[in-house]
Amino acid sequence: MSGQPLKIAVAGLGTVGAGVLKLLSQQAQILEQRCGRKVVVTAVSARDRSKDRGVDLSAVRWFDDPVAMAGAPDIDVFVELIGGSDGAAKAAVETALETGKHVVTANKALLANHGTALAERAEGRGLSLAFEAAVAGGIPVIKALREGLAGNRVTEVHGILNGTCNYILTEMRTTGRAFADVLAEAQTLGYAEADPSFDIDGVDAAHKLAVLTSVAFGCPVDFASVHVEGIRHISAVDMAYAEELGYRIKLLGIARLTRLGVEQRVHPCMVPKDAPIAAVDGVFNAVVAQGDFVDRVWLVGRGAGAGPTASAVVADIVDVARGRSTPTFGVPAGQFARLEPSPMEARTGAYYVRLMVVDRPGVIAEVAAALRDHNVSMESFLQRGRAPGEAVPVVLTTHDTDEASMQRALAAISAQAAVLEPPRMIRIEQF
Ligand code: NAP
Ligand code: HSE
């Protein structure tokens, strides 16, 4: 094989880092063919040198400090697999770009918070900043959107962007197990972030959505404008009602061009049981893009874990080895479209609401009056069981309404004496 070996340095040897080293070693032959040259890991960095990572590190140089490694003269590509929006990961990536190295990262937190600035830095120096693994793990969604759909105006991207949440929701639905029990299992399997609240509170999906939005619509990464809600409040009762009403509960990320600008939201959704996305279960992710020429494109695969994520990281390394590069987010950062955020209050659609109310005559009339007063039309209403004078769950769904009206109606309902707990609301999405 002709060509100089591609020298890479890997910072972070946890779930993903160790997975990348294993993949590079096991697939060395096929990768040499695909890269047109050898890929050689020359340096690594992590915190604990004594930890057994299940990979042979005897021939590589060890750095305690990833920033020093990023600045070392004898590497071509800096692979950042530490994680975190700031700290060591950011400092090391900046140093790598300053000192002329291409960067490959799986770090959506870093890109969501600093993606535009880092893209400007990389593009200003003619370097790649590649991040296939940062969104939807092993699914090649960045390449599909940025390159495969380059001939389209993309108007919407939505999907299941967090494997941990999808795993938890699936296990809760299919086994009836408790939330905390399933979360612990997801952590053991290497799906969850170092801080699992990032997963279950929707932040990880929001990081990914902010990155996807930039690639889809050619605009700056705007994480601050993403409306974020997680899955902590989803209960077995909601799961059961969803099933009865013909829905499944999924944590979705949705980015849309609207007449007001760009809508970006992450929250639990009820989707019809027969919608394709309802069938995407477990740690699997799905991304659906709508383009003006291609129509709807579906991508499904494993969104987390060592193997799938390493697969995406290595795809980026192969691109760098081959000298294939595009602007970081599809269009040069200096030419980004300036799009206004579309406010959450403008979201239009149906809603599911669960209330705990005192079981006495007239309560439902009071709830219905609050909906009427705020111009929200009820579609269905369900009370199971009877407990005169005591608390009973009551569930209703609405016809399409706007979020602002729904929120005003919910505030009025919450204030009613017969309503014993804050209402639980889940938005219904028809795909
Ligand atoms: P992880 O298992 O927690 O591994 C993090 C690694 O970074 C560890 O090896 C740790 O060293 C090292 N590290 C932490 N601070 C460091 C520092 N200051 N200097 C040098 N090394 C440091 O995390 P992970 O799951 O592999 O995730 C890595 C990145 O991939 C994150 O950005 C994550 O969001 C992203 N990602 C993860 C997945 C997934 O399925 N896990 C999927 C897609 C993307 P020690 O081992 O010595 O503690
Ligand atoms: N914690 C993330 C998830 C890892 O569960 O999807 C993949 O980014």
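**Exercise 1. List the residues that line the largest cavity of this predicted model, and sort them by element and by class.**

*Solution.* Begin with the rule: on a 1 Å grid over the protein atoms alone, a cavity is a set of points where a 1.4 Å probe fits but cannot get out, and a lining residue has an atom within 4 Å of a point. By that rule, the lining of the largest cavity consists of V141, A144, L145, L149, V287, A289, V297 and L299.

Next, turn to the elements, where helices (H or I, at least four residues) and strands (E, at least two) are DSSP runs numbered from the N terminus. At least two lining residues come from each of α6 (141-148), β11 (284-291) and β12 (295-302), and α6 contributes the most, with three.

Then sort by class, counting Ala, Val, Leu, Ile, Met, Phe, Trp, Tyr, Cys and Pro as nonpolar, Asp, Glu, Lys and Arg as charged, and the others, Gly among them, as polar. The lining has eight nonpolar residues, with no polar and no charged ones.

Finally, consider the volume, which is the space filled by probe spheres set on the grid points, these being joined across faces, edges and corners. The largest cavity holds about 30 Å³, and the count of cavities of 30 Å³ or more comes to one.

Two remarks on the conventions belong here. Because the model is predicted, local features need pLDDT of at least 70 and side-chain atom pairs count only at pLDDT 80 or more, whereas totals for chains, interfaces and linings use all residues. Residues are numbered from 1 along each chain as its sequence is written, chains are lettered from A and ligands numbered from 1 in the order in which they are written, and side-chain values use heavy atoms, with hydrogens and water left out.

**Exercise 2. Describe the largest pocket by its volume and its lining.**

*Solution.* A pocket, unlike a cavity, is an open set of grid points with protein on both sides within 12 Å along at least five of seven lines. The largest pocket contains about 1,200 Å³ of space. It is lined by 50 residues, of which L81, I82, G83, E193 and A194 are the closest to its centre. Among the helices that each supply at least two of the lining residues are α1 (15-26), α5 (108-124) and α12 (306-322). By class, the lining divides into 18 nonpolar, 20 polar and twelve charged residues.

**Exercise 3. Work out where ligand 2 sits and which polar atoms lie close to its oxygen and nitrogen atoms.**

*Solution.* A molecule sits in a pocket if more than half of its atoms lie within 2 Å of the grid points, and ligand 2 sits in the largest pocket. The residues around ligand 2 (those with a heavy atom within 4 Å) include K108, G163, Y191 and E193.

Now look for polar contacts, which here are pairs of N or O atoms within 3.5 Å; within protein, one must be able to donate a hydrogen and the other to accept it, and residues adjacent in sequence count only if both atoms are side-chain atoms. A polar side-chain atom of K108 is 2.4 Å from an oxygen atom of ligand 2, while a polar backbone atom of G163 is 2.7 Å from an oxygen atom of the ligand. A nitrogen atom of ligand 2 lies 2.7 Å from a backbone N or O atom of Y191.
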